[in-house]
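Please keep the structure open as you read.

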Amino acid sequence: MTDRTIEHFTPAAPYAGLPSYYAATANSTPRRPELLGEETCDICVVGAGFTGMGAALELAERGYKVIVIEGERVGWGASGRNGGQLVNGYSRRMQEVRKHYGADAEAAFGAMALEGQAIIRERVAKYGIQCDLRAGNAIVAMSKPQLRELAERTEEWHRHGHSEMFLAEGAEARKHINSDRYIGGMFDPKGGHMHSLNYVLGEAAAFEGLGGRIFEHSRVTHVDRGAVPVVHTAKGKVSAKKVLVCGNAYLGDAAPDLSSRILPVSSQIITTEVLGDDLLEELFPTNYCIEDIRYIPDYYRRTADGRLLYGGGTVYGGTDPASIEGKIVPQMHLTFPQLKNAKIEFQWSGNFALTMTRYPQMGRVSDSVYFSQGDSGHGVTTTQMLGRRLAEAIDGQMSKFDVFASLPYIPFVGGKLFRVPYCVMGSWYYGLRDKLGI
Ligand SMILES: Cc1cc2nc3c(=O)[nH]c(=O)nc-3n(C[C@H](O)[C@H](O)[C@H](O)COP(=O)(O)OP(=O)(O)OC[C@H]3O[C@@H](n4cnc5c(N)ncnc54)[C@H](O)[C@@H]3O)c2cc1C
């Protein structure tokens with residue numbers, strides 16, 4: 001039996017016109033007005049993704065008068081299009097944090113590593129968000145060197161107090177993921193998966209329930225960064241005490257000094273027809289979601305209505321490949337040859353923001369304008385935690401914000417013109433290592 005009846009399966013009118021499974025199965029949500037004329041508030045947030053909505057909700061809970069300005073619709077960016085995988089940790093290993101920034105930074109990163117998933121679980125419970133949240137994720141290995149790395153990572157997490165993560169090999173691993181492609185993996189019961197778009201729509205509803213206001217179809221053209229910052233759109237402006245810029249990979253010209261610090265990278269996802277629970281229970285006996293350990297991983301999971309949602313691949317610069325299906329389906333067949341005849345019903349692409357270091361970027365561009373961006377492909381949980389860091393900073397609690405804000409900014413090698421070829425070269429190198437299984 002499927003565990004949820006999809007009540008809003010309306011492919012003829014998907015949310016925001018997007019071609020994704022998420023858009024076709026989005027919970028009903030109001031259309032928000034466009035910003036017309038002048039508004040004032042305490043805090044103006046640019047971008048209604050996980051980072052912006054999370055920070056806005058947190059600030060509304062703390063009693064601030066908050067306005068969110070979104071260029072398209074709530075969750076239109078990466079937050080409403082991703083794999084929905086709650087992967088604890090960062091895009092870099094903890095030993096790398098220590099190597100780059102020292103033991104204190106490692107301890108601080110470690111202490112915050114599981115906060116994002118806890119925030120998601122808290123909000124789902126507190127606001128009754130219907131987003132098919134399920135427990136458990138795994139990072140899996142195809143070779144012995146990869147499995148050794150996962151064993152090291154498991155020990156690293158245990159050292160940071162996250163003792164629930166465990167390594168499993170062979171038959172033990174197959175109890176969670178039934179594919180010949182893997183020899184084992186690191187399993188995390190505190191990870192999980194969810195319908196990402198419905199989660200962010202739920203955050204928006206909770207925010208509005210606390211008196212917050214959202215304007216959609218209102219792209220920010222620029223932000224005046226003076227003592228009283230002003231956020232401008234084509235037809236209106238918002239004066240605030242503080243502004244949070246959370247446009248991530250879609251920010252574009254609204255703040256060129258911020259968007260030049262990241263590289264938009266697209267990733268692609270397909271979703272099959274409904275496969276039925278018998279087959280899916282055979283493939284995913286514990287309903288964990290799966291990501292492999294490669295530099296450019298495959299990531300996939302069951303959906304609540306009995307499909308396989310399978311993602312992978314990247315295009316540096318954030319464009320779409322010629323054929324999403326052509327790129328992802330062969331990977332899916334390698335993992336699950338028994339799905340050779342499965343029909344693909346949805347396919348889409350979305351952009352995340354890569355930083356040169358693969359650590360997130362957070363900070364201030366003036367006394368009154370703050371930003372957070374660049375989760376480098378692992379943002380479902382991290383953005384929740386960083387959204388909270390932004391809200392705390394507005395409230396004068398700077399210590400955890402400063403852990404991230406104090407990381408040095410390192411520009412892309414090759415500058416704006418050559419950062420794409422540079423990253424392609426880098427990924428070719430890591431891709432070769434992946435092919436060799438090292
Ligand atoms: C295909 C894909 C799969 C992924 N899978 C996973 C996964 O399974 N697990 C995981 O941990 N991470 C995953 N990620 C990464 C994760 O989705 C992101 O890190 C996260 O959603 C980023 O959230 P955000 O709020 O910072 O950015 P976004 O969600 O992109 O939100 C930014 C918002 O700002 C708006 N905006 C931008 N500029 C302006 C402007 N000038 N004016 C007004 N509004 C503006 C945009 O319209 C957008 O709605 C994936 C990403 C992609 C693209």
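E115, G116, I119 and I120 in helix α5 meet T382, Q384, M385 and R388 in helix α12; contact here means C-beta atoms, placed from the backbone, within 7 Å. This is a predicted model: local features need pLDDT of at least 70, side-chain atom pairs count only at pLDDT 80 or more, and totals for chains, interfaces and linings use all residues. Residues are numbered from 1 along each chain as its sequence is written.

Helices α5 (residues 115-127) and α12 (residues 382-394) pack at about 85 degrees, with axes 7 Å apart. That makes α5 roughly perpendicular to α12, a label for angles of 65 to 115 degrees. Axes are lines fitted to C-alpha atoms over the stretch in contact, and angles run from 0 to 180 degrees between N-to-C directions. Helices are DSSP runs (H or I, at least four residues), and strands are E runs of at least two, numbered from the N terminus.

An automatic or database assignment sets the domain bounds: domain 1 is 14-133 + 194-261 + 357-407, and domain 2 is 135-192 + 263-354 + 423-438. Their C-alpha centres lie 25 Å apart. The contact takes 34 residues from domain 1 and 29 residues from domain 2.

Around the ligand are 44 residues, of which G47, G49, G77, G83 and G379 come nearest; the shell counts C-beta atoms, placed from the backbone, within 6 Å.

| Element giving two or more shell residues | Residues |
|---|---|
| α2 | 50-61 |
| β11 | 263-272 |
| β15 | 344-354 |

Notes
Angles under 35 degrees count as roughly parallel, over 145 as roughly antiparallel, 65 to 115 as roughly perpendicular and the rest as oblique. Two residues are in contact if their C-beta atoms, placed from the backbone, lie within 7 Å.
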